[in-house]
Amino acid sequence: MKNVLNIKVLREIKNNFKTYLSVILIATLAVTLFTGIYANYKNFNDRLDHIYQEANMCDGIIMLKNYDSEVEADLKRENVYYEKRIYYPTKYKNNSIYLATFKENSKLNLPYSTSLEKVEDTMVLADSNFLNRNSLLIGDKISCDFSFLSQNITIDLTISGTMTHPESLENSVYNPAFIYVGYKALRNAVMMSAHITEYVADEVLKSYVNQFLVQGNIEVLSQIKEKYQQKDTFVYALKRSDLPSNMTVDADVQQAKQLIYIFPVIFYLVAVLIILTSISQLIHRESKNIGILKALGFSKKEIIIHYTKIFIVLGCIGSILGIILGPIIVPNVMGHKYDILYQLPKIKLPFFRWEYLISIVILLCITLCTSLFVCHSAVNQVPASSLRGDNSIQMKLTFLSRLKLFSKLPLSMLMAFRNMKRKMSRTLMVILGVLGCSALLVCGFGIEDTIYYGLDLEFEEFIPYDVSVSYSSYESKKSQIKNLENVLDVDEYAKYTIHIEKDHLISSYLYLLPEEATVFTLPYTDESCLISSKVAEEIGAKVGDEIHFIYNNQHYTCVISDIIDFCLSQGIFLSKNAVSVDFVPTGAWVKTSNSSQNEKVATTIKELSGVSSSITMKEMKAHADETIASIKVMTWTVKIFAILLAVVVLYNLALLNFKERVKDIATLKVLGFSRFEIATSFIIEILFLTFVGALIGLFFGYPLLVAVLSINENPLLSYIYHVKWSSYLFTILITCGSSLVINLFFAYLTRKVEMVESLKSVE
């Protein structure tokens, strides 16, 4: 007897495969998203762990202004393994760089890949991105300032090779370059520039040791911080994940993980609706067979298991497809973002992970629970009731049906409203299913809207320059630029890399502005302190708060006067008279009198001595497009999956609606109604429900957008959430358009309905 039921399961699936196709598709989509996003997170995490392992990354760093023997004594007492090094901020051609020293016996924070077979402490290694941006080759010299014996000297370092370092994983041009300098190479450069002996150089450089790399007991970090944080020489004591150089990439790992809790959840919820509607339709159609099975002596448990097996098999088919497609599609799409932002190694990654089975378990639990819920009432009926069938539905007059206007509506519309009321459960499921698709589409469109809104706000309202200039010399070029043809206004500014601290310590920028600005439109005074909203959020600051920043190992304090929604320009904006920091112009914003001449003006400025770059607003926006390329990938991923979800949901519900109304269609044919009139009633119903669901979904799109972007923070961008009205319109058009196309197909199938066969039933 059990074999009979098993054979019946396979025959049911084979004969009604098209009917159950939507169940397989939604299972595939849900599992694809779950396994794909999880694979993306694990692949990213494994690549990062590989870097830390190969480089023997330290567990924490203690940063000081200069050497402090008491700190080293405390580390020795705690029996902690540590290494000392010089970590010196300076510049090369107006580009911020950090010189980090190493010795022959260094074991921590090593490069995880180099162009050299052996690295010695007489060598200087640089990131290949730094060399490319500055048109440098191996063997070239870089000159940078070095404060030595209370005077500034210029040291020359010869590039020995390239490397990729765990403290400089970001590809961004906005981050200071990391130069890995052998101690002997630095000492020799200082000796040549300062004309001193090796002994004197060694003795003086000891005081420059300002970092302790700690491995093992990280409890000592909090102890050191508590003991020395009030001391002028103390800067920070942070564990690896909180270091400014590692915070961004570690945060991206967590963001990749958190995506698991957003998109797959939506698809699993929609899967509940589709499985619920499909199994309800199956039980309704099989009510007579259920009666026969009960009459033949099958128990309630056996009958429930029989019908549950059908959907378990369908779910397993979809899950297997999802486990295959997910790790292939999603990591390749989303991983493109990480390859743009970071220097990550290509390592061998597993295709299958045991955690993928969680997605199958979730889907099977959904299938089991919905099947038990639907089958419970059907199997509790006596065989006679099941065999007789329930073909009558009690319909009561509604408020609308009593209105004269309602009675004058075309018959096709009246039939559509009657069918909606007749099947309220299915009506709600259509609305809820379309709601999820609509919210996802708004989210997809809103991601791109948000980014471009922020860019337009900054470039067209806050700093509406026509040409942006960067200097390579430490002197003003304002008068030279101002005298050029078609130049209207010039605002020179100084941009410095700093560390900002309130609740947290982060790396950012300080913009020193002229006393009076003409291109920079935001109002400010000598007492003002403007801060970008992204930085304010990261350090936990608000208007009126006192914040601290560190520049050139000196501490400064200011009070926030306003928080501005900058998109690209991140940091603190102060008048050059606000703090005692030397105003050395590093660039300028230029306004032209004729925008058609912007490229010519930019070319002319670039030819001036001491100017390193000059780009137009058009070129800057093109660069911004490259920066957000990874975000666009996620945008299109959301849109495509939303459309696929809409197609699956609408196909499933249109198919069920068609099968449930076969008898009504046959009746209308017998009464002489045309195919157009029959199809119209069919289309109006689903289109109306689609429109209602899409309309409600618009209100959920914005919160979903905030949730997605809040866990996908980009270190280069600040999100100012915004959704265009056209995005809402496109969402309605896409959902309703998909519904129309699908229902036109089923409307065409009405011509194939056989009147005699369809009207045969037990009444």
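**Group meeting: a walk through a predicted model**

Residues are numbered from 1 along each chain as its sequence is written, and side-chain values use heavy atoms, with hydrogens and water left out.

F352 sits in the loop between α11 and α12 (357-379); helices here are DSSP runs of H or I with at least four residues, strands are E runs of at least two, and both are numbered from the N terminus. F352 also belongs to a nonpolar surface patch of about 1,000 Å², along with residues including I317, W354 and L357. Areas are from the Shrake-Rupley method with a 1.4 Å probe, and for residues only the protein chains shown count as cover. Helix α11 (residues 300-341) gives the patch its largest share, 7 residues.

Now, over to the sheet. Which strands are in it, and in what order? There are 6, running β3-β4-β10-β6-β9-β5 in an open sheet with mixed pairing. β3 (87-92) and β5 are the edge strands, each pairing on one side only; pairing takes at least two DSSP bridges. β5 and β9 (residues 161-164) pair antiparallel over 2 bridges, and T114 has M163 in β9 as its bridge partner. Helix α5 (residues 183-194) packs on this sheet, touching β4 (95-102), β6 and β10 (177-182), where touching means heavy atoms within 4.5 Å. The direction of α5 makes about 90 degrees with that of β10, taken between N-to-C directions on a 0 to 180 degrees scale, with axes fitted to C-alpha atoms, for helices over the stretch in contact.

Last stop, I683 in helix α23 (residues 675-710). Is I683 buried or exposed? Buried, with a relative accessible area of 12%. Beyond residues up to four places away in sequence, I683 touches L740, N743, L744 and A747. I683 and A747 are 64 residues apart in sequence, yet 7.2 Å apart C-alpha to C-alpha.

Technical notes: This is a predicted model: local features need pLDDT of at least 70, side-chain atom pairs count only at pLDDT 80 or more; totals for chains, interfaces and linings use all residues. Buried means under 20% relative accessible area, exposed over 50%, partly exposed in between (1.4 Å probe, protein chains only). Patches are made of residues with over 30% relative accessible area and no salt bridge: like charges are joined within 9 Å, nonpolar side chains (Val, Leu, Ile, Met, Phe, Trp, Tyr) within 5 Å. A salt bridge is a side-chain nitrogen of Lys or Arg within 4 Å of a carboxyl oxygen of Asp or Glu.
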